[in-house]
Amino acid sequence: MKGNTVPLTLINILADGEFHSGEQLGEKLGMSRAAINKHIHTLKDWGIDVFTVTGKGYSLPAPVQLLDEAVISSQLEEGRLAVIPVIDSTNQYLLERMDSLQTGDACVAEYQQAGRGRRGRQWFSPFGSNLYLSMYWRLEQGPVAAMGLSLVIGIVTAEVLQALGASDVRVKWPNDLYLNDRKLAGILVELTGKTGDAAQIVIGTGINLAMRSPDTTIVNQGWINLQEAGVTIDRNRLAASLVNKMRDSLQLFEREGLAPFIDRWSKLDNFINRPVKLLIGDREILGIARGIDQQGGLILEQNGITKSWVGGEISLRPQN
């Protein structure tokens, strides 16, 4: 954290969206204008757009609401949450600390230097534009009982976003959120534990709130953010609401499994009754999506016959 102190102080000053001269910033931080400029480059490396105007100084395109641990914690019903502004990965942070964590412990970050998605993919994580949140959960029933967990988190995240004003958010099997047929958020569940032992689980979610111009070498599919859809959500309120609802829903999932969530999924399913393509490795299966079964498998209809699938990824199939 120490190496990030100056850039984080700078972003706190610039968060008001006003211009601040290099001289003023240098006086506040006790360093030269050249040193300030060097730290401004760090902010740009973090994915922050910083305007530099001769005679006026530095500013952001618009004010930025920063995550505030005290504000989030004041809205939590129980449990612990940490705000770590700059992190490798929120999931990795919890995975490395599992021995000291309690069920329901969570962390959020402003910027992930090595955020990751499913199948080892990188998750584009610019500073202050989105929400990156992870939670630890110990599932006493073991790894087998975790089947369908990503669906539960998808449902919870979609319902929270809808309640906060994003009424058109939908879920995509098995672990994404969609808006207007484009990806809005992703969920990554990482699990350790042997059969017969409790499962230790870290659940991560990344939600695009105001992300601009992602790195196309990382983001290679249609994406959307809430700002583009005309929705502005208080990031601290969103973090607190998500943590509260995730904790409640995971307790319900522990007691009753996926059954209480099946109907909730159906109401949110972006692909229900639509032609889709299921990819499993090199295999391509075409069919009509008919929701999920009691184990969380995808139900596909082909030639009037339905079958459940538990692996792979789906995409919309263009109509002929």
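At a relative accessibility of 80%, Asn-303 counts as exposed, where exposed means over 50% relative accessible area, buried under 20% and partly exposed in between, with a 1.4 Å probe and protein chains only. Before I go on, please keep in mind that this is a predicted model, in which local features need pLDDT of at least 70 and side-chain atom pairs count only at pLDDT 80 or more, while totals for chains, interfaces and linings use all residues. Residues are numbered from 1 along each chain as its sequence is written, and side-chain values use heavy atoms, with hydrogens and water left out.

Asn-303 is found in the loop between strand S12 (298-302) and strand S13 (305-309), and its phi is positive, about 55 degrees, although Asn-303 is not a glycine. Helices (H or I, at least four residues) and strands (E, at least two) are DSSP runs, numbered from the N terminus. Asp-181, also a residue other than glycine, has a positive phi near 65 degrees; Asp-181 sits in the loop between S7 and strand S8 (182-192), and it is partly exposed, with a relative accessible area of 36%.

Let me turn to strand S4, residues 106-112. Seven of its seven residues are buried, so S4 is largely enclosed by the rest of the structure. Strand S3 (residues 81-87) runs parallel to S4 and is joined to it by six bridges, two strands being paired if DSSP finds at least two bridges between them; Val-83 has Val-108 in S4 as its bridge partner. From S3 the chain passes through helix H5 (residues 90-95) to S4 in a right-handed β-α-β crossover, right-handed meaning that, with the strands pointing away from the viewer, the path from the first strand over the helix to the second runs clockwise. S4 also pairs with strand S5 (residues 130-139), here in the antiparallel sense and over four bridges, and the partner of Ala-106 in S5 is Met-135.

Next comes strand S10 (residues 275-280), which six bridges join to the antiparallel strand S11 (residues 283-292). The two form a hairpin with two residues between them, and Gly-281 in the turn has a positive phi of about 65 degrees. S10 is also joined by four bridges to strand S14 (residues 313-316), again antiparallel. Which residues stand opposite Leu-278? In S11 it is Ile-285, and in S14 it is Ile-314.

Is Lys-172 buried or exposed? Lys-172, which is found in strand S6 (residues 170-172), is buried, with a relative accessible area of 7%. Further along, a cis peptide bond, with omega about 0 degrees, joins Trp-173 and Pro-174, and Pro-174 is found in the loop between S6 and strand S7 (176-179).

Asp-263, in helix H8 (residues 262-268), is exposed, with a relative accessible area of 56%. Asp-263 and Ile-292 are 29 residues apart in sequence and 9.5 Å apart in space, C-alpha to C-alpha.
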